[in-house]
Amino acid sequence: MKRTSRLLAASLLAVGVTAPAASAQELVVGFTQDANTLDPGNHRNRETETIIRNMFDGILTRDSSMNILPELAESYTQVSPTVYDFEIREGVTFHDGSVMTAEDVRFTLHRLTAEGAIGDGQTSPRQSLLGPVSGVEVVDGNTVRVTLSEPWPLLPAMLPFQEIVSQAFVESVGADGMATSVNGTGPFKLVDWRRGDSIIMERFDDYYGGAPGIEPVGKACVERVIFKVIPESASRVAALLAGDVHIINDLPPFAIEQVENSETAKVMTVNGTRSFFIAMNVEGEIFDDIRVRQAAAHAIDKDLIIDRILGGNAAAISGILSPDAFGKNMDLPDYAYDPEKARALLAEAGYPDGVDITMDTTGAYKDTAEAVASLLTKAGFNTKVAVGESALLTEKWRTEGGPKTGDMYFTSWGNGSLDPQGIFVPTHMTAARGNSAGYANPEIDRLLDAASTEVDREKRAEMYREAEAIANADVPYVYLWVPQDIYGVSTRLTGWSPSPDSRINLHDACLN
Amino acid sequence: MPDTDTKASTGPVQETIFRRNMRNFVGNRLAFGSALVVLIFIFLAIFAPLVAPHDPAETDLFRRLQPPAWMPGGEWSYLLGCDALGRDILTRIIYGARISIFIGAAVVLVATTIGIIAGLAAGYLRGWVDMVISRVVDILLGFPYLIFAIGLMAMMGPGLINIIIALVYKEWVIPCRVVRGETLVTRELEYVEAARALGASGRHIMLREILPNILSPVIVVSTIRMAHVIILEASLSFLGLGVQPPTASWGAMVSDGRAFILQAWWVSTFPGIAILLLVLAINVASQGLRDAFDPRFHE
Amino acid sequence: MSAPTDKTLLQVEGLRTVFETRDGTVCAVDGVDVIVERGECLGVVGESGSGKSVTFNSVMGLVRSPGRIEAGRIMFEGRDLRALNQTEMRAVRGRDIAMTMQDAMTALNPALTVGEQIAEMLEAHDKGLPSGRNARRRAIRAHSVKMLGLVGIASPETRLGQYPHEFSGGMRQRIMIAIALASMPKLLIADEPTTALDVTIQAQVLELITDTRAKLGMSVVLITHDLGVVAEHCDRVMVMYAGQVVEQGRTADVIMRPKHPYTKGLLGSLPRLSLRGQRIEPIEGQVPELIDLPAQCRFYSRCRERGPECLKNIEMRDAGNGQTARCVRVQKELAT
Amino acid sequence: MSLARFVERLLQLIPVLLGVSVIVFAMITLTPGDPVQIMIGDQIVTPEQEAAMRRDLGLDRPIHERFFAFLGNAVQGDFGQSFYHRRPVIDVIKERLPATIELSLVALIIALVTAIPLGVLAAIKRNSFLDRLATVGSLLGVSLPGFWFGILLIMLFAVHLQILPVSGRIGYASEIEPITHLLLIDTLLRGRVDAFFDALSHIIMPAITLGLPMTAILMRVTRTSMLEVMRQDYITFAEAKGLSRQKVLFRHALKNALIPTVSVAAIETGSLLGGNMIVETVFGWPGLGRLVVESIFVRNYPLVQAAVLFYAVTYVMLNFFADILYTILNPRVKL
């Protein structure tokens with residue numbers, strides 16, 4: 001009897017110990033996914049990058065307003081449309097104490113872009129993120145020159161996605177070692193990676209301070225950072241409310257009120273970079289008629305859905321680009337919500353009694369798609385939502401110009417760089433990967449082609465504005481909205497705000 | 001022990017036995033009440049369009065996550081509140097009964113039948129039949145079920161029949177294993193040996209001698225598995241492979257509603273209660289029926 | 001009914017055991033009296049459902065819910081067994097009164113070795129076992145071997161480690177008897193010990209019981225369908241019908257001069273000379289349901305000698321020579 | 001168990017594993033969805049880049065060639081590289097499998113230690129209040145979806161009472177040098193009682209959630225078979241021997257009553273292993289289940305193939321133990 005009670009007491013004590021030992025020094029992030037690997041050059045996964053970006057720095061980085069700033073580079077210059085020079089910062093050390101040099105930068109970029117250079121004869125899956133990079137060299141002691149095979153204005157916007165590794169370290173641990181150990185220049189160094197559970201990092205005390213353009217400069221505020229994997233959204237919210245974690249990503253809109261009402265946590269939002277839209281199969285016999293497409297655009301009350309389902313946390317769009325994107329056309333005409341007009345257009349197109357259609361979507365979008373479908377149904381499109389696995393829908397709708405079988409596809413396209421090239425080309429260029437509508441307009445193709453190599457920013461922006469206006473008139477898609485990214489954060493957290501590219505950089509974050 | 005003493009005294013005519021059993025069953029108020037609940041659910045399922053207060057697919061975003069009538073913000077015309085798209089939960093539970101009862105009953109029935117036949121054959125005939133069946137069972141059991149179901153659904157595409165097939169694939173092996181194990185023991189018993197000695201055919205022995213003696217554990221397991229099947233359908237919904245919208249199934253309702261459990265508990269709780277109620281009723285009723293009709297349970 | 005003497009081991013008086021069913025209260029044993037003298041063998045005969053098993057299960061205190069003993073006294077060596085609590089009763093079971101069951105196949109636990117099943121009997125009724133653990137184990141083993149030897153099982157040492165399914169039917173029956181006798185009980189209730197066996201083996205098992213009875217000086221109650229068995233092995237016999245004793249007396253008397261029409265019916269259906277091995281033939285008609293019986297002779301519906309005088313409760317009547325029967329005619333015969 | 005029997009049992013693994021391999025490979029082949037397209041996601045790539053990725057993943061070779069290469073390599077313990085982790089899948093699985101096994105074992109133990117006594121009690125006190133309560137409770141157990149029940153537990157114990165952590169396997173502060181990779185065992189082997197209770201506090205909610213349906217099913221099976229056994233002659237005979245109530249119940253009745261319980265438990269452990277993906281998701285449990293399901297959705301073939309084989313081996317081994325237990329309980333059945 002006595003023994004049992006002592007055991008009980010011991011277990012209660014132990015339990016008490018495990019309840020959040022929330023020292024001001026330890027910041028925990030409740031995150032949707034684990035990193036796939038710790039090798040910054042050998043993955044193709046945004047969540048992985050978000051985590052490891054805290055241990056690695058890039059040549060360039062972005063602040064929370066998406067301005068591109070030098071980080072490991074002191075400065076950079078565009079020598080010609082196809083040549084960029086990066087002056088590398090001095091006095092930066094890796095976590096193991098070795099000095100980072102321009103050679104390491106060259107090595108990193110080479111490792112990312114050259115065939116078979118990532119290790120084991122394989123090529124980095126990030127190669128395509130660096131587009132036409134064809135050569136990297138160290139021109140004088142501290143300058144790294146990047147040569148492109150064709151003009152590519154996107155280069156500075158894409159470089160924050162790449163992190164610098166140590167050549168000596170890579171050569172000593174090999175590809176397998178890179179996957180599980182870290183030797184970066186970032187503000188935190190790796191303590192332990194508990195696969196599928198958490199990544200534990202501690203402050204790197206010899207940190208050079210980070211991008212001078214982002215205040216404050218210096219070593220990180222918190223001593224330890226833990227990314228804790230909690231995939232289920234309700235559990236993530238619960239962990240935040242319980243004080244187990246201090247930041248959670250992907251807070252569902254319906255949980256905003258609850259988090260706001262709690263005394264320990266609050267909500268932070270930032271404009272996202274993912275555009276939602278409905279692709280209409282313009283090759284199909286229903287949607288090849290522009291009147292039908294216009295009818296669909298008029299049938300959907302975007303504001304209602306944004307207000308009711310997304311909790312007001314989204315911006316309606318009339319073209320593919322996010323309002324924050326480069327070259328966004330802010331004067332696009334809107335297809336106002338008008339079910340009567342939609343019916344009339346449908347009747348004009350030969351469907352006076354409405355038309356039966358199917359709208360494909362993935363499980364994650366089921367709710368919104370069903371809401372959209374019921375609006376369409378009220379306007380004469382008798383819409384059936386078909387939920388499918390994303391792998392199957394990708395195969396069905398991303399035919400790259402091949403024949404398509406569906407009617408409508410409720411989907412989205414992410415554009416972390418906020419440059420139109422990353423979203424406009426794949427979704428609107430004839431036979432492009434993400435052109436699920438099967439849309440083909442030579443004028444658009446011409447504009448997008450020209451813009452991709454146009455070096456003059458204003459001219460380039462004008463081309464995109466023109467292209468967006470044409471697409472708006474052709475309505476191959478019903479452009480819906482760009483949702484905000486919603487985070488739940490502890491009220492004790494300061495010095496951190498969410499970033500549109502959905503990174504969680506914790507260099508400046510502090511806990512009270 | 002009292003069996004031998006009372007058995008001789010049970011009445012002579014078949015019809016009166018049935019009548020007495022029926023009387024016993026009706027007299028067992030709990031079991032009878034449960035049977036009524038099951039019947040009510042079936043009735044609701046069949047006459048859903050006449051009974052349900054609203055259209056199950058009718059969305060109204062202004063009623064999104066509206067609480068049940070008795071809570072602040074509720075309305076009596078939406079008794080159990082509304083789901084994320086403002087659809088009436090009561091209506092969807094009534095319509096959902098169609099899908100869930102159908103899936104549950106069909107899967108358990110088909111799976112149990114297949115399982116019993118295969119299990120009897122394996123356990124009684126032994127030899128290569130047992131070899132083959134046991135290996136197939138091992139393979140299917142060794143194959144993680146959700147992975148199998150996902151693969152199957154991905155191959156065949158979504159749809160009610162495909163869901164049933166995917167579930168039957170998994171479910172039949174369980175009665176099969178149970179029946180095989182019991183048969184292995186039972187076939188060695190003397191009365192079976194006696195029947196064999198008398199020249200009874202294998203089929204006769206399996207169906208007349210062995211089956212009745214091993215049926216009761218199988219039935220107990222089967223009725224309880226029906227709940228499991230309804231939940232499994234929810235798991236498929238959890239993975240986005242369940243019934244297609246806007247069809248309501250209880251499993252899908254619980255699964256979809258789980259996201260709101262911290263904010264709007266009613267969305268997943270009421271369909272959950274419906275599952276519980278039905279499963280409970282089926283169980284109590286089937287136990288009552290068995291107690292009333294199976295002489296071995298007479299007291 | 002004779003009064004109890006020093007020789008009386010077991011005396012049951014007015015035993016009434018009922019079972020509650022949904023159809024009503026089944027009175028499986030209704031006012032049964034039994035006397036077993038020390039060292040004697042009492043045969044109990046009756047059809048299925050006549051209450052013979054229930055009577056002796058009641059004696060053993062093994063009537064389980066929904067059954068219960070409603071009335072009666074069960075005196076064993078002067079103690080009222082019904083007044084004992086569970087623990088005291090357990091001490092009686094196995095040690096003072098042991099029992100064997102009809103089918104050894106089902107009565108022996110398939111999951112335990114024969115040795116374990118004998119040993120636990122000895123463990124439960126610690127009769128002069130040594131106290132040290134090893135000594136105790138050795139003593140138990142030695143005794144088990146002796147018991148198996150006693151019931152005629154070859155190489156008992158090795159057999160102890162085997163499971164019941166590894167034995168033949170006759171062997172199993174012997175083992176069950178060995179278990180029952182392991183604690184040297186004063187009374188053995190053998191419930192149809194031969195029904196499940198081949199004819200040749202039946203004889204061996206019965207010899208075994210009779211022999212050990214003589215050796216150990218115990219009393220035996222032999223419940224059986226088989227009048228031949230009774231004739232050969234029992235001192236006295238008791239015939240049961242529909243929960244009542246209908247006739248009892250010395251074996252020779254009952255068999256030669258049966259008084260009750262039911263007993264006559266049983267005997268009449270048998271070839272006189274070879275009683276052994278013959279099962280009693282069912283008499284035409286059915287045993288009445290034991291619920292709400294009318295106050296009349298229970299054999300009435302099947303009796304060839306029935307008359308209006310039978311339509312009342314019938315008491316046991318003395319037919320002389322210690323023989324009694326539950327029939328109105330008995331009185332008549334005596335009168336004439 | 002004889003050595004011959006053991007070897008035979010191991011040989012039986014071969015057809016099972018072969019069958020599982022064929023099925024998983026066929027499934028992958030027949031299921032539409034292109035790993036390369038999924039990996040590229042919302043990006044633009046040139047056809048050359050796409051072809052290069054395909055070549056890197058070994059997807060440019062014909063199916064039959066891939067199948068035999070897979071079999072050949074698998075025999076040598078090489079299951080290829082995970083498309084996403086860019087490491088040998090065997091490493092990835094080795095990191096995740098112990099968590100899944102630990103969770104399943106604890107769930108199994110919880111199920112057994114609650115289901116068997118409850119089932120026995122319900123059978124002994126048949127139709128009593130306790131029996132009814134256990135019946136309703138067990139039906140509740142199977143009727144509650146795991147994800148729903150799990151979130152409820154989190155709300156109660158982690159958010160309101162704050163006595164248990166929401167997710168994870170052990171606190172960050174506890175670092176344990178692995179021996180068996182099962183934290184509950186390793187912490188004890190290392191003499192770290194505090195870490196043991198830490199790990200225990202993490203595993204308790206997911207294990208209960210995972211074990212609940214199994215508890216319910218095992219309880220029903222135990223109750224039924226106990227009732228069946230209690231009617232047997234050998235129970236009456238045991239009572240006639242004057243044995244104590246405990247001996248009758250536990251030595252005579254339970255041992256026989258557990259036979260169906262063991263065989264159902266063995267089967268259910270299979271579904272426990274393969275079905276804990278949902279619990280792993282809710283509690284952020286770093287197991288294999290979640291990883292495999294995610295891998296299917298992104299068509300990470302090498303990982304799916306290898307993981308399925310690992311599941312199959314684990315399952316067969318578990319059944320092997322169940323069989324041994326079975327022969328102990330029931331000497332009539334020879335393996």
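A nonpolar core is here a set of buried Ala, Val, Leu, Ile, Met, Phe, Trp, Tyr and Cys residues joined through C-beta atoms within 7 Å. In this predicted model, the largest such core holds 456 residues, of which Ala238(A) and Val221(C) touch the most other members. Helix 9 of chain D, spanning residues 193–230, gives the most to this core, with 19 residues. When neighbours within four places in sequence are left aside, the contacts of Val221(C) are Val36(C), Leu42(C), Val44(C), Phe56(C), Leu187(C), Ile189(C) and Ala190(C).

Turning to the contacts between chains, five pairs of chains touch, and the pair formed by chains A and D has the most contacts among them. This contact draws on 57 residues of chain A and 52 residues of chain D; on the side of chain A that touches chain D, 24 residues are nonpolar, 18 are polar and 15 are charged. The contact between chains A and B involves 24 residues of chain A and 19 residues of chain B. At least two residues each are supplied to the chain A side of that contact by helix 6 (233–242), helix 9 (302–308), helix 11 (366–378) and strand 16 (381–388) of chain A, and helix 11 of chain A gives the most, with five residues. By class, the side of chain A that touches chain B comprises 13 nonpolar, six polar and five charged residues. Chain A and chain C, by contrast, are joined by no contact, and their closest C-alpha atoms are 28 Å apart.

Within chain A, strand 10 (residues 224–229) is mostly covered, five of its six residues being buried. Strand 10 of chain A runs parallel to strand 1 (residues 26–31) of chain A, to which six bridges join it, and in this pairing Phe227(A) of strand 10 is the bridge partner of Val29(A). With strand 9 (residues 198–203) of chain A, strand 10 of chain A pairs in the antiparallel sense over five bridges, and here Val225(A) of strand 10 is the bridge partner of Met201(A). The loop between strand 9 and strand 10 of chain A contains Pro216(A), and the peptide bond leading from Glu215(A) to Pro216(A) is cis, with omega near -15°.

Strand 6 of chain C pairs with strand 7 (residues 187–191) of chain C in the parallel sense over four bridges, and Leu188(C) in strand 7 is the bridge partner of Ala98(C).

In chain B, the axes of helix 5 (residues 89–125) and helix 12 (residues 250–257) come within 7 Å and cross at roughly 125°.

Leu65(B), in the loop between helix 4 (48–51) and helix 5 of chain B, has a phi near 55°, a positive value in a residue other than glycine. With 19 other C-beta atoms within 10 Å, Leu65(B) is partly exposed, because a buried residue would need 20 or more. A positive phi of about 75° is likewise found for His181(D), although it is not a glycine; His181(D) lies in the loop between helix 7 (146–160) and helix 8 (183–189) of chain D. His181(D) has 15 C-beta neighbours inside 10 Å and so counts as partly exposed.

Methods
Residues are numbered from 1 along each chain as its sequence is written. Chains are lettered from A and ligands numbered from 1 in the order in which they are written. This is a predicted model: local features need pLDDT of at least 70, side-chain atom pairs count only at pLDDT 80 or more; totals for chains, interfaces and linings use all residues. Two residues are in contact if their C-beta atoms, placed from the backbone, lie within 7 Å. Ala, Val, Leu, Ile, Met, Phe, Trp, Tyr, Cys and Pro count as nonpolar, Asp, Glu, Lys and Arg as charged, and the others, Gly among them, as polar. A residue is buried if 20 or more other C-beta atoms lie within 10 Å of its own, exposed if 12 or fewer, and partly exposed in between; C-beta atoms are placed from the backbone. Two strands pair if DSSP finds at least two bridges between them. Axes are lines fitted to C-alpha atoms, for helices over the stretch in contact, and angles run from 0 to 180 degrees between N-to-C directions.
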